Amino acid sequence: MSEPAPTRDRLRGLHWGQRGTTGASIPAALGFEGVSQRYGAVQALDGVDLTVNPGELVCLLGPSGCGKTTLLRIAAGIEVPTAGRVLLDGREVSGRTLFLPPERRGIGLMFQDYALFPHLSILENVTFGLRDLPARDATAIAMRALARVGLEKYAADYPHMLSGGEQQRVALARSIAPRPGVLLMDEPFSNLDRRMRDAIREETVAILRETGATTVIVTHDPEEAMRTADRVVLMREGRVVQAGSAEEIYRRPADLFTARFFCDFNEIEGVRRGGRIETPIGHFPAGALPEGGAAVVCVRPQGVRLRPPGMCLPGRLLSRRFLGEVDLVSVAVQGLDRPLQARVRGALPARLGEEVGVDIERDEVLVFPV
Ligand code: ATP
């Protein structure tokens, strides 16, 4: 067994097993009722209520320390919550009177660092969760899972011989091999090289769909959550702030925190006067805000349109940063402390330092009370 050549991962990374060959699970519903967890002075979870439907793929999203991993560990049975209940198909597995240990929950877990056993071969790592089966059956199932992730040829290798991307796939094979009804994944893509991440994520999701297992993926990356999930569950300070489809949560965020999580907005302060929000860049609908109340008007950078000078609101082009498909353009507007950021496709209507017209696309604006 030799050390891997530097290009080995790239060559192997192109190859996955045939789609549709993953063993199917019987998906279970996963429920949390008033789940709280306290570590000394830290309230890691504060009354979480959440139901994940059978076969649903949910992404738990939120900033560092908001309690995502804690919720996953409680679902798996690695931790006992301070209060609340965990239910699998409506049956309590963690509560006031009962605590079912992890191995009896039928839940698969995949950790951020993959947690492969270094002294076991790849095949032995994958058969580890199949110890209840006769050895021949366990080997056959493990080889099938390895084939699906494109690594069956490396069954006799050891984890240290594999790249990070390959180890991720072994961990995936290990977690799906026992056909768990619920699969919990903690930041499964965060250790991957950015270029590999999209391809591996896409194939991983295809495999998860083939298993049909109810899946909860923890991530702190909103784009990843939106690309992956049937439903995104946003958490903050131990609570669920909002749950919904990617589009719902992006288009109609419940509050400013949620909105900021999904977009780098231009935030402009305003006040409600005469039934509308007045700002230096114009008037906006006030919604339920009381008269005289302060608001923040959030404008998506793609909602800032640049026009020839003399049209719309006057601005001055300050800078332009090439991002590939679009440019990020900075525009100074009178009355604003900070320049507006605009995402612009194609040619600019003026040169840097010159005047432009600024038009705000109303569909790209959200207003929140402050
Ligand atoms: P990250 O994205 O950084 O992994 P997270 O959202 O998964 O964060 P958790 O790991 O669930 O957050 O942690 C929630 C809070 O609980 C944090 O403040 C953390 O420091 C604290 N915490 C977690 N586990 C323990 C523990 N065993 N002992 C003490 N505090 C803990």
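This is a predicted model: local features need pLDDT of at least 70, side-chain atom pairs count only at pLDDT 80 or more; totals for chains, interfaces and linings use all residues.
Student: How far from an oxygen atom of the ligand does a polar side-chain atom of Thr70 lie?

Tutor: A polar contact is a pair of N or O atoms within 3.5 Å; within protein, one atom must be able to donate a hydrogen and the other to accept it, and residues adjacent in sequence count only if both atoms are side-chain atoms. Here, the separation between a polar side-chain atom of Thr70 and an oxygen atom of the ligand is 2.5 Å. For Lys68, a polar side-chain atom lies 2.9 Å from a ligand oxygen atom. Gly65 takes part through a polar backbone atom, at 2.8 Å from an oxygen atom of the ligand.

Student: Which residues surround the ligand?

Tutor: A residue is counted as near a molecule or strand if one of its heavy atoms lies within 4 Å of it. The residues around the ligand are Tyr39, Val42 and Ala44, then Pro63, Ser64, Gly65, Cys66, Gly67, Lys68, Thr69 and Thr70.

Student: Which residues of α2 are buried?

Tutor: Helices (H or I, at least four residues) and strands (E, at least two) are DSSP runs, numbered from the N terminus. Buried means under 20% relative accessible area, exposed over 50%, and partly exposed in between, with a 1.4 Å probe and protein chains only. In α2 the buried residues are Lys68, Thr70, Leu71, Leu72, Ile74, Ala75 and Ala76. Because seven of its nine residues are buried, α2 is largely enclosed by the rest of the structure. Just after this helix, Gly77 adopts a positive phi of about 90°.

Student: Which residues have the most contacts inside the largest nonpolar core?

Tutor: A nonpolar core is a set of buried Ala, Val, Leu, Ile, Met, Phe, Trp, Tyr and Cys residues joined through side-chain atoms within 4.5 Å. The largest has 41 residues, and Leu146 and Phe262 have the most contacts inside it. Helix α5 (residues 164-176) supplies the largest share of this core, five residues. A second, separate core has 27 residues, among them Val35, Leu45, Val48 and Leu184.

Student: What does Leu146 touch?

Tutor: Contact means heavy atoms within 4.5 Å. Not counting residues up to four places away in sequence, Leu146 touches Ile122, Leu123, Val126, Leu151, Glu152, Ala155 and Ala173.

Student: Is Ser121 buried or exposed?

Tutor: Ser121 is buried, with a relative accessible area of 8%. Ser121 lies in the loop between β6 (107-110) and α3 (122-127). With residues up to four places away in sequence left out, Ser121 touches Ala155, Ala156, Asp157 and Tyr158.

Student: Which strands stand at the edges of the sheet that contains β18?

Tutor: This open sheet has five strands in the order β15-β19-β16-β17-β18, with antiparallel pairing. β15 (304-307) and β18 stand at the edges with a single partner strand each, so one side of each is left without a neighbour in the sheet. The twist averages 45° from one strand to the next. Strand β17 (residues 327-333) pairs with β18 over five bridges in the antiparallel sense, and Leu328 stands opposite Arg343 in β18. Ala342, found in β18 (residues 340-344), is buried, with a relative accessible area of 0%.

Student: How many helices and strands does the chain contain?

Tutor: The chain has nine helices and 20 strands. Of its 370 residues, 50% are buried.

Notes. Residues are numbered from 1 along each chain as its sequence is written. Side-chain values use heavy atoms; hydrogens and water are left out. Two strands pair if DSSP finds at least two bridges between them. Axes are lines fitted to C-alpha atoms, for helices over the stretch in contact, and angles run from 0 to 180 degrees between N-to-C directions.
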